[in-house]
Amino acid sequence: MTDNIKNIDTLVIGAGQAGVAMSEHLTHQNVPHLVLEKNRIAEAWRTGRWDSLVANGPAWHDRFPGMEFPGDKPDQFVPKDQVADYFEAYVDKFKMPVETDVEVISASRNESTSGFTVKTSKGTINAQRIVSATGPFQVPIIPAIAPENPDFLQIHSAKYRNPDNLPAGAIIVIGAGSSGVQIADELRRSGRKVYLSVGPHDRPPRAYRGRDFVWWLGVLGLWDMAANVPGKEHVTIAVSGANGGDTIDFRELASKGLNLVGRTQSFENGVVHFSDDLACNIKAGDENYLSLLDRADQYVVDNGLDLPEEPEARILLADPDCMVNPTKSLDLKANNVTTVIWATGYATNYDWLKVDVFDEKNQPQHHRGVSIEPSVYFLGLPWLSRRGSSFIWGVWHDAKYIADQIVIQRQYQQYQNKI
Ligand SMILES: Cc1cc2nc3c(=O)[nH]c(=O)nc-3n(C[C@H](O)[C@H](O)[C@H](O)COP(=O)(O)OP(=O)(O)OC[C@H]3O[C@@H](n4cnc5c(N)ncnc54)[C@H](O)[C@@H]3O)c2cc1C
């Protein structure tokens, strides 16, 4: 790009899976466009996650329709770097107009003419439309209860890489969603003493009656749920493809030596306090697990399927001691805790987008990604249109919808009065 102002119909910002999906659909619909990426294609998969991460869903599922993962192991969980390779290959295959190492610094609506002036690290662009595909998980969130200037290492899960990167000593992992539980288990397996702070969670079976949970959620219509169940907005989902893929079972993890505690409440004078909710959270997670088995069994009956029965999946281990006699507080020094890892999620950052589209919580206001501000679109956000929206298989469908909306607008704009 040069300093001359470049004109483009649709500018997509971000070349993670969302930006790549958007480009594919815009290409099919002959919409002139450009994708700008400040780092590399799928950088979050390349460098934004811990070393051993694999995709949560099997290769046959966690992909776009137009291309399979190389190899002949569709039921395996693909390592994160191969996921990044996949999106790079996808861009090559469909010859997508992606420019990397270009950061969008600001985008503001033009006055007295259509479109937006977009300032980038490599020049200015005039775009008729903007699709923000800058990611659902951009800014790591560490809650306000975190101690200031602690005398132990305190990091977000986004900064965790592997057990060898942490100082010797015990570790507290706070948050037992997919990230927290995988990191805690990896540290436990490496021989470290680990405490895992477990809040409300859902924990689907990894597989049941010979089918992976992604299949069950698909046939039961649960990926396509348009909105989360009221009251479940802050319930995390604990699922993992690590070590070939196992059901997350907190009772079993406790039996293997993981020290489970309730939700983290506060840090005071070198002591961390936990809520007395561990048993309740684990039992609610079990109910969620069992309810999915019930729905799966019903689906088998309703559809006359011949899938092997699996009654043993319903047998839960007895309540471990940590549920019966919960740890309510922990003296960090006395227990040699040298690291606290906050696996507490992410926020978005739209500082670059200077349009009036955000609500009081700084969330974009949109319907299925079409924002309240004409010609501004969002893609890749959790629950953008459905439960699957922020995942690989879901974002592709949302991108298709947004491409359709862009084509509709272009048709109106190109209309010429023939009278
Ligand atoms: C730990 C973890 C594990 C996950 N595992 C799975 C999984 O197994 N399966 C699955 O389907 N999903 C998974 N997800 C969810 C989701 O698929 C990923 O977060 C994915 O990276 C989101 O893709 P995206 O394209 O929406 O955003 P991102 O991958 O974050 O891409 C956004 C891109 O925008 C770029 N960008 C941002 N701002 C600018 C700017 N101003 N100018 C130019 N470029 C910019 C960034 O550099 C980035 O490359 C996981 C998420 C996490 C956190």
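These legends describe close-up views of a predicted model.

**View 1. An open sheet of 5 strands.** The strand order is β8-β19-β9-β10-β15, and the pairing is parallel. β8 (153-156) and β15 (259-261) stand at the edges. Each has a single partner strand, so one side of each is left without a neighbour in the sheet. On average, neighbouring strands of this sheet are turned by 20° against each other, direction ignored.

**View 2. The pairing of β8 with β19.** Strand β19 covers residues 337-342 and runs parallel to β8. The two are joined by 4 bridges. Gln154 has Val340 in β19 as its bridge partner.

**View 3. Helix α4 across the sheet strands.** Helix α4 spans residues 178-189. It lies across β9 (170-174), β10 (194-197) and β19. Against β10, helix α4 runs at about 165°.

**View 4. The shell around the ligand.** There are 32 residues around the ligand. Those that come nearest are Gly14, Gly16, Gly135, Gly380 and Phe391. Two elements give two or more residues to the shell: α1 (17-28) and α2 (43-47). By type, the shell residues divide into 14 nonpolar, 12 polar and 6 charged.

**View 5. Helix α9 and its cover.** Helix α9 holds 23 residues, 392-414. At 1.5 Å a residue, α9 should span 33 Å; its end C-alpha atoms are 33 Å apart, which agrees. Which residues of α9 are buried? They are Ile392, Gly394, Val395, Trp396, Asp398, Ala399, Ile402, Ala403 and Ile406. What covers these buried residues includes β1 (6-13), α1, β6 (123-132), β23 (370-371) and β24 (376-378).

How values were computed: Residues numbered from 1 in each chain as written. Predicted model: local features only at pLDDT ≥ 70, side-chain atom pairs only at ≥ 80, totals over all residues. Pairing = 2+ DSSP bridges. Axes fitted to C-alpha atoms, helices over the stretch in contact; angles between N-to-C directions. Contact = placed C-beta atoms within 7 Å. Near = placed C-beta within 6 Å. Nonpolar A, V, L, I, M, F, W, Y, C, P; charged D, E, K, R; others polar. Expected span 1.5 Å × (residues − 1). Buried ≥ 20, exposed ≤ 12 C-beta atoms within 10 Å, placed from the backbone.
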